[in-house]
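User: I would like to learn how to read a few features of a protein model. Please take them one at a time.

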Amino acid sequence: MNINDCLNFDDFRQLAKKKLPSPIFHYIDGGSDDEETLRRNTESFNDCDLIPKVLANVGKPDLSTEIFGKKISMPIFLSPAAMQRLYHPDGDKASARAAEKFDTFYSMSTMANTSIEEISNISSGPKLFQLYIHKDQSITDDLVDRCKRANFDGLCLTVDTIVAGNRERDHRTGFTTPPKFNFKSLMSFAAKPKWVFDYLTNKKFELSNVKNKTDKGTNIAKSVIEYINEQYDPGMEWKDAEYVIKRWSKPFAIKGIMSVEDAKRAVDIGCTAIMVSNHGGRQLNGSRSPFDQIKLISDTVGHKIDVILDGGIRRGTHVLKALAAGAKACSFGKAFLFSLSAGGQKGVEKLLQNMHNEIERNMILMGCKNLKDLDYSRLIFRR
Amino acid sequence: MNLNDCHNFADFRKLAKRRLPSPIFHYIDGAADDEITYSRNTSAFNDVDLVPNVLRGVESVDLSTTIFGKKLDLPFYCSPTALQRLFHYDGERAVGKAAQKFNTMFGVSALATVSVEEISSLIDTPKMFQFYFHKDRGLNDSCLERAKAAKFDVMALTVDTITGGNRERDLRTGFTSPPKLTLASLFSFATKPMWGINYLTKGKFELPHIQDHLDEGTNTNTSIGNYFSTMLDQSMNWNDAEKLCSQWGGHFALKGVMSVEDAKRAVDIGCTGIMVSNHGGRQLDGSRSPFDQIAEIVDAVGDKLDVICEGGFQRGTHMLKALSLGAKACAGGRLYLYALAAAGQAGVERALNQYKNELERDMKLMGCTKISDLSRKNLRFR
């Protein structure tokens, strides 16, 4: 099995599983507690059906939309994801280059293994930076200022990781970052010698954006969980978000909003977008799925700001359903991380091509010329 | 597998299964008939989603709640369960001490294997005595007086065991108390020699609250179902409950109330709390789950007495959902029994600590800093 055989999410996942040491695979694949929310994020799309309009003479549909002030060629983009160097030696560079090729957003995590400046040098495509508020404010300020200088287009503030989720697969596999070679994990690493070779012969693992400000997560073998609990400010409040918006003064989103009340508040403080997300089911298990909640939120604030659905997307039809329910665009993490693990830049390109083809084909089957043709009348809910 | 590998309810269950002779494991693990109510008690939580609020500044979380006039550090407690020394030789001593460490309530069953006097000398945190209404009135009076003398804070009258539930696993395994060594059960006991050694060497198995009044359950081997059916008074009615309530004279609860009508009646006879419970699915299979029923009952009587949701809890988020609907506290038996069987006091402490950590984490992720911040606004039913 290789990249060209990957037709869908499950194929990429299978190939990634073959290539990655198991603690790393399960770090991507897992959710929190009993993983009900992780599953629901995708299952919720099956509670409604698409209603096509036939004989609509659609020709080649226009898939473009605009978010964070940038026109993108299709309504999906790569969610920010930490530590991509663990999945492929090229890490963020591979993701950024692939996204640029498809003219859509690449997003960089605060916890990336490549720096803001490095990515800015290699990609002129649309770029989003994902920010965590640190207890040490100088770290937060530094990140915002550097993104500005590096011409990132948008900034998103993650608000659903105030404390680390209970990811039991990581407890069991002993996942840490950087990978710790203890007896428990040794077997799983030894089983993937190619990964170990690549990991050891490429650039040193580091959290490039914060390495000068903290030694956590760089030299010491710390789990991400510990990093989150030590460095992120659990006292974070709305005024902190407002502060960042002022300092940034460009398109800005809050990532991790689930309630209507919070969505309204995001509008009030000057956000230009929100990402409706439960962090891919990795934080609060039992939380509502983005698709279950998207209509309520877009009905309330969709005419004022861009509402982006993040989580559960596996198929082009999922994107269509999300857009019909009111999302402006969708983003995904797991899907592209598996493709990155499976084949680096080529893998991500293959995934984006698959998604592009699916969205285009399904738009034609739905009888839609452009994304505006997708509205709530095109969905029927089963209950 | 050992205690350090236990990260959740399912892990404790697995470890308990390894440590216990199978009739005893299945006595805990089983329920009535086809066990549909038992599984619904937990799956009910998945019909509703949590909707968090963000950017609330949640550095510290206060999980305390007040029930029966007592402030507990946690919004959940250990329900009374029978025969704990069968599960671990320390039995109620282990659970009581663990509950004390977390400053939460500990319920002692009338069918406990350690006496109220001993528990009272061991722990000074809030205690509940669970009462069965026996045909033998002398036995009833004695239980009441002893619990009172031992300064128990709450009396809970169980009202859903008027006859024994149809626990088919017990019929198949031949579970009795004390354990009877039949040919059928011999093999399962022989495969867990550590349990056998502890059982035989760590003090005689007794039912201190009832043994002076009967020989059932001590000298003869009896099943719990048989005990309920033969020893308890099936004619028990609201008058009897009312009399007990005034005879006790302190905080009094009915355990096993499911209908709104009965909840209102509990208020009328002077109860200060009710446990909405179907006895962990062990009595009437097909009965509604506590979580499915809790909102209706809270709406009817929540301002007049403490409504406690009992049964099905395996996660902090489950508790969060019940508290959001208005339950004053959550309670459970299996919640800590597998942990007790797995590792005694250390096991129960680890389990309680996990639920506490989960609740704390989940409260933060919900944007809540105290239990009263939780409301139905946090929930959406599918």
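**Helices, strands and a chain contact**

Analyst: We start with two helices: the axes of α12(A) and helix α13 (residues 290-301) of chain A come within 9 Å and cross at roughly 35°. Axes are lines fitted to C-alpha atoms, for helices over the stretch in contact, and angles run from 0 to 180 degrees between N-to-C directions. Helices (H or I, at least four residues) and strands (E, at least two) are DSSP runs, numbered from the N terminus. This is a predicted model: local features need pLDDT of at least 70, side-chain atom pairs count only at pLDDT 80 or more, and totals for chains, interfaces and linings use all residues. Residues are numbered from 1 along each chain as its sequence is written, and chains are lettered from A and ligands numbered from 1 in the order in which they are written.

User: Which residues of α12(A) and α13(A) make the contact?

Analyst: Two residues are in contact if their C-beta atoms, placed from the backbone, lie within 7 Å. Here α12(A) supplies Val260(A), Ala263(A), Lys264(A) and Val267(A), while α13(A) supplies Leu296(A), Ile297(A), Thr300(A) and Val301(A).

User: How do I read the two faces of a strand?

Analyst: In a regular strand the side chains alternate between the two faces of the sheet. In strand β11 (residues 329-332) of chain A, Ala329(A) and Ser331(A) lie on one side, Cys330(A) and Phe332(A) on the other, and all are buried. A residue is buried if 20 or more other C-beta atoms, placed from the backbone, lie within 10 Å of its own.

User: Which strands does β11(A) pair with?

Analyst: Strands of a sheet pair through backbone hydrogen bonds, either parallel or antiparallel. Two strands count as paired if DSSP finds at least two bridges between them. Strand β4 (residues 76-78) of chain A runs parallel to β11(A), joined by 3 bridges, and Phe77(A) stands opposite Ser331(A). Strand β10 (residues 306-310) of chain A also pairs with β11(A) in the parallel sense, over 3 bridges; there Leu309(A) has Cys330(A) as its bridge partner.

User: What sheet does chain B form?

Analyst: In chain B, 8 strands make a closed barrel with parallel pairing, in the order β4-β5-β6-β7-β8-β9-β10-β11. Neighbouring strands of this sheet are turned by 25° against each other on average, direction ignored.

User: How many residues of chain A are in contact with chain B?

Analyst: 29 residues of chain A are in contact with 24 residues of chain B. Among the elements of chain A that each supply at least two residues to this side are α11 (238-248) and α12 (260-268).

Methods. Buried ≥ 20, exposed ≤ 12 C-beta atoms within 10 Å, placed from the backbone.
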